[in-house]
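Here's a quick briefing to read with the structure open beside you. Take it one topic at a time and find each spot as you go.

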Amino acid sequence: MNIASVDILGVRVDNVTTSETLEIIQGYVEEGTPHQIVTVNPEFVMQAQRNTAFHRVLDEADLALPDGHGLLWASRVLGTPLRERVTGSDTLPLIAQMSAKQGYSLFLLGAAPGVAKRTAAILQRENEGLRIADTFPGSPDPARDDELVSRITAAAPQILFVAYGAPQQDLWIHRNLERLDVPVCMGVGGAFDFIAGVTQRAPAWLRERGLEWLHRLIHEPWRWRRMLALPEFVCRVLWQKMARVWRKQ
């Protein structure tokens, strides 16, 4: 599939829909070679401005999903609209559903002890026949890489979900991708916590209005420093828009 992309503050975001994402993932599994999927949101974009290693990971990812209403807004402002928001939290259950039908096995890595196991049980309850290769909390510490890679390769999953939070999960996948030899490796942030009921996700009506950040701030006030990235993101996008206009004059 020929994937069009949008440049937002120097970060590539692929202009794909949810259905296209599932089709692409199925193609990756059929290819059998390792692929990394990242879920880009405004916080990712701002972290990439300061973290060159993370910026490189986003650039080199096989698929960069448009996760975040802020990206949809930015793409419209910049004149190259993204068609749809494709979040890791919404896509993970759909991938599990597809995997149950196709016979793919999943490995759930990360989150607090017991959370991945609980998530796996819920996914299996909702998707008859879903194969779970293994679950393990693990750690993004490079000193643990060999241990985790050995455990994952022994389980031989087709799809690996990693829930260490950004940028740790994405850096971890990137440095271990070739050794893992897993067709699809995807960072999913807090998706395990949402599915397992550890963290309450914003109601659908808030998510649809782009206010998920407000819900998270109310329930997790310690995130306020990270939320400062949002107004900076808006200012930088508007500046990028003005710079493009000036260049054309």
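L9 is buried, with a relative accessible area of 12%; buried means under 20% relative accessible area, exposed over 50%, and partly exposed in between, using a 1.4 Å probe and protein chains only. You'll find L9 in the loop between strand 1 (5-8) and strand 2 (11-14). Helices (H or I, at least four residues) and strands (E, at least two) are DSSP runs, numbered from the N terminus. Keep in mind that this is a predicted model, where local features need pLDDT of at least 70, side-chain atom pairs count only at pLDDT 80 or more, and totals for chains, interfaces and linings use all residues. Residues are numbered from 1 along each chain as its sequence is written, and side-chain values use heavy atoms, with hydrogens and water left out.

- Most residues other than glycine have a negative phi, and most peptide bonds are trans.
- L9 isn't a glycine, yet its phi is positive, at about 55°.
- A111 isn't a glycine either, and has a positive phi of about 70°.
- Look for A111 in the loop between strand 5 (105-110) and helix 6 (115-126); with 22% relative accessibility, A111 counts as partly exposed.
- Going from A166 to P167, the peptide bond is cis, with omega near 0°.
- P167 sits in the loop between strand 7 (159-163) and helix 8.

**Two helices that cross**

- The axes of helix 3 (residues 52-60) and helix 8 (residues 168-180) come within 10 Å and cross at roughly 65°. Axes here are lines fitted to C-alpha atoms, for helices over the stretch in contact, and angles run from 0 to 180 degrees between N-to-C directions.
- Helix 3 and helix 8 are therefore roughly perpendicular to each other (under 35 degrees is roughly parallel, over 145 roughly antiparallel, 65 to 115 roughly perpendicular and the rest oblique).
- On the helix 3 side, the contact is made by A53, F54, R56, V57 and E60, and on the helix 8 side by D170, L171 and H174. Contact means heavy atoms within 4.5 Å.

**Aromatic rings and cysteines**

- How many aromatic pairs does a search of the whole structure find? The search turns up 2.
- Y164 and W172 form an edge-to-face aromatic pair, at 6.5 Å centre to centre and 75° between the planes. Rings of Phe, Tyr and Trp (its six-membered ring) pair if their centres lie within 6.5 Å; planes under 30 degrees apart are stacked, over 60 edge-to-face and the rest tilted.
- Y164 is buried at 16% relative accessibility, and W172 is buried at 0%.
- There are 0 disulfides in the structure, a disulfide being a pair of cysteine sulfur atoms within 2.5 Å.
- C185 counts as buried, at 0% relative accessibility, while C235 counts as exposed, at 54%.

**Two residues and their contacts**

- G32 belongs to the loop between helix 1 (18-31) and strand 3 (36-40), and counts as partly exposed at 32% relative accessibility.
- Not counting residues up to four places away in sequence, G32 touches D181 and P183.
- The C-alpha atoms of G32 and Q158 are separated by 8.1 Å, though the two residues are 126 residues apart along the chain.
- T18 is in helix 1 and counts as buried, at 18% relative accessibility.
- Which residues is T18 in contact with, leaving aside its neighbours within four places in sequence? They are E84, R85, V86 and L94.
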